[in-house]
Amino acid sequence: MFRLDPKQAVLDHVAAQSAARNGPTVLSEAAERIIAAPVEPTYSGAVISGIAQAAEALLLAILGFAIHGIYVPGSEALYVPLTVGTVLVANILLNVARTHRIAMYRSLGKQALRVAVAWALAFTILAVGLVLFKASELVSRVWLAGWFVSGAIVLLGFRFSLRALVQQWTRAGKLKRRTVIVGGGHDAEVLIDAIHKGADNDITLFGLFDDRIDERSPESVAGLPKLGKVADLIEFARRTRVDLVIVSMPLSAEKRVLEMLKQLWVLPVDIRLSAHMSKLRFTSKAYSYVGDVPVFDVVDRPISDWNLVFKWLFDKSVALTALVLLSPVMVATAIAIKLESKGPVLFRQKRHGFNNELIEIYKFRSMYTDKLDATASKLVTKDDPRVTKVGKVIRKTSIDELPQLFNVLKGELSIVGPRPHALQAKAANQLYYDAVEGYFARHRVKPGMTGWAQIHGWRGETDTVEKIMHRVNHDLHYIENWSLLLDLYIVVMTPISLMTRSENAF
C-alpha cells in the first residue's frame with residue numbers, strides 16, 4: 001500500500017544520516033534499560049510450521065508403508081501412489097483448516113477436532129476415488145482401516161506433543177516478536193489493549209515512539225512508556241533487536257506515514273500499519289493480522305523465515321567449497337606476501353555489517369606494513385606507492401578478499417550481499433553516508449563478499465559521489481529483488497566480471 005521506490009528513497013533525508021552528522025542519538029532512560037536487558041533468541045513461526053508439516057507427512061507416509069508391508073506385501077505399484085497421494089491430500093486439507101499455525105498449535109480441542117476431520121475427509125476422498133476408478137477390490141480393507149485408525153492416533157499424538165513443545169517455547173518467550181509502536185494517544189491505547197487481548201502470546205511490547213510532545217502524546221500509554229521520537233527508533237533498533245514496528249496512525253495521515261517510512265525503511269524490521277481504528281473496510285485478503293488486530297503490510301524484512309535458512313545453507317556450502325578449491329591459491333598468496341615484505345599475512349579492518357553492527361573482516365595484506373590504512377581514510381589509487389607488487393596483483397584479481405570466506409563461516413558476512421565499506425571511506429572527500437542519503441539501507445541485509453554492484457563494474461575506487469550512488473542503487477536493487485537464484489547468478493558472474501570489469505580496481 002505504501003511502498004517506497006528505493007532509488008527515490010536514496011534522495012530522501014533519513015534520520016540515520018542526520019544522526020551520523022550531528023553525533024550519536026541520546027536515548028531515554030527507559031530505552032536504555034531495554035537495550036541493557038539480555039535478548040533471548042527466538043524461533044520463526046514459519047520455519048516451525050514448515051518442519052511440523054514435513055514431520056507430520058513423513059510419519060503418515062511411514063505408517064502407511066509399514067502397514068502395507070506387514071499385511072499386504074507386494075503391489076507397490078498401487079500402494080505407493082495411494083499412500084503418497086493420500087498424505088498430500090491430507091496435508092492440503094490440514095492447511096485449508098488452518099491447523100498449521102502457531103496459534104492453532106497452542107489449542108487443544110479445536111486443533112484435535114480440525115485434524116481429525118481433515119484426516120477423515122482425506123480418507124473419504126481416497127475411498128470415493130477408488131470407487132470411481134473401480135479399484136476398490138484391489139485395495140486391502142485391512143490396510144485402509146488400519147492406516148486410518150493408526151494414522152488418527154499418530155496425528156493426535158504428534159499434535160499434542162507439538163502443543164506441549166510450543167507451549168514451552170511460548171512460556172520461554174521464544175515465539176514472541178519484539179515490538180514497538182509508532183504513535184501515541186487514544187489510538188495507541190486501543191491498539192495496545194487489542195494486542196494484549198489477542199496477541200499476548202506472540203508479541204512483546206516495549207513502548208512507543210512519537211514525534212508529538214503535546215497532550216495528545218503522554219509519556220505513558222496503557223502502561224507502556226514513551227521511549228522517544230521516531231528518529232530515536234533507528235538508534236534503538238540498532239542497539240537491540242526489534243522484529244516488528246506497528247504504526248498507529250490513521251490512513252488519512254498519509255503525509256505523516258510517508259515521512260515516518262522515509263526514516264524507518266533503512267531498518268531490517270517488519271513495519272505494519274494498524275487498521276484497527278479505520279472506518280474504511282477492505283476485503284479480508286487486504287489485511288494480515290497481529291493476533292486479532294488487522295494490519296496492512298507496509299515493509300517486510302528482505303530475508304526472513306525459510307529464506308534466511310536457505311541463504312544460511314547457501315553461504316556455508318559455498319564458503320566451504322571455495323575454501324577447499326581455492327586453498328592452493330590462498331597458501332601461495334600467503335607465501336608471496338611473506339616473501340616480499342615484513343609483517344602479517346592478514347589485514348583486519350572494522351566495517352559496518354548487518355544493521356550497522358561493527359564487524360572485523362579479514363583480507364590478505366596488500367600494503368606495506370608501515371603504510372597500512374585501517375580506516376581507509378585515503379582511497380587506493382592507480383600506482384599507489386603504499387601497495388606492494390603482490391598487493392597490486394591480488395587487489396586487481398580480488399584474491400585479497402578470499403580470507404573473508406572465514407567471515408562467512410563465522411556468520412558475519414554472506415557470500416552475496418552489499419559489500420561492507422571501511423568506516424572512513426570517502427567519495428569526493430565526503431564520507432559515504434554523508435554523500436548518499438539512504439546509504440545505511442544497504443545494511444538491511446548481511447553484507448557480502450560479492451554483489452550485484454560488483455558484477456556490474458562498480459567495484460574498486462569510488463572517487464566521485466556519482467560512483468558511490470551507482471553502487472548504492474545496485475545494492476538496493478539486490479535487496480529488493482533478492483532470491484537464491486539471484487545469489488547463484490552473482491556467484492557465477494563474479495569471476496567473469498573480474499576479467500571483464502576490473503578497470504576501477506587498483
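Student: What makes strand 5 and strand 6 (residues 270-274) a pair?

Tutor: Pairing requires that DSSP finds at least two bridges between two strands. Strand 5 and strand 6 are joined by four bridges and run parallel. One of the contacts in strand 6 is Ile271, the bridge partner of Val245. Strands here are DSSP runs of E with at least two residues, and helices are runs of H or I with at least four, numbered from the N terminus. This is a predicted model: local features need pLDDT of at least 70, side-chain atom pairs count only at pLDDT 80 or more, and totals for chains, interfaces and linings use all residues. Residues are numbered from 1 along each chain as its sequence is written, and side-chain values use heavy atoms, leaving out hydrogens and water.

Student: In which sense do strand 1 (residues 177-182) and strand 5 pair?

Tutor: Parallel, over four bridges. Val182 has Val247 of strand 5 as its bridge partner.

Student: Why is Thr388 called buried?

Tutor: Buried means under 20% relative accessible area (exposed is over 50%, partly exposed in between; 1.4 Å probe, protein chains only). Thr388 has 3% relative accessibility, so Thr388 counts as buried. Thr388 lies in the loop between strand 10 (358-364) and helix 13.

Student: Why are helix 12 and helix 13 called roughly antiparallel?

Tutor: Angles run from 0 to 180 degrees between N-to-C directions, with axes fitted to C-alpha atoms over the stretch in contact. Under 35 degrees is roughly parallel, over 145 roughly antiparallel, 65 to 115 roughly perpendicular, the rest oblique. Helix 12 (residues 305-340) and helix 13 (residues 389-396) pack at about 150°. Helix 12 and helix 13 are therefore roughly antiparallel.
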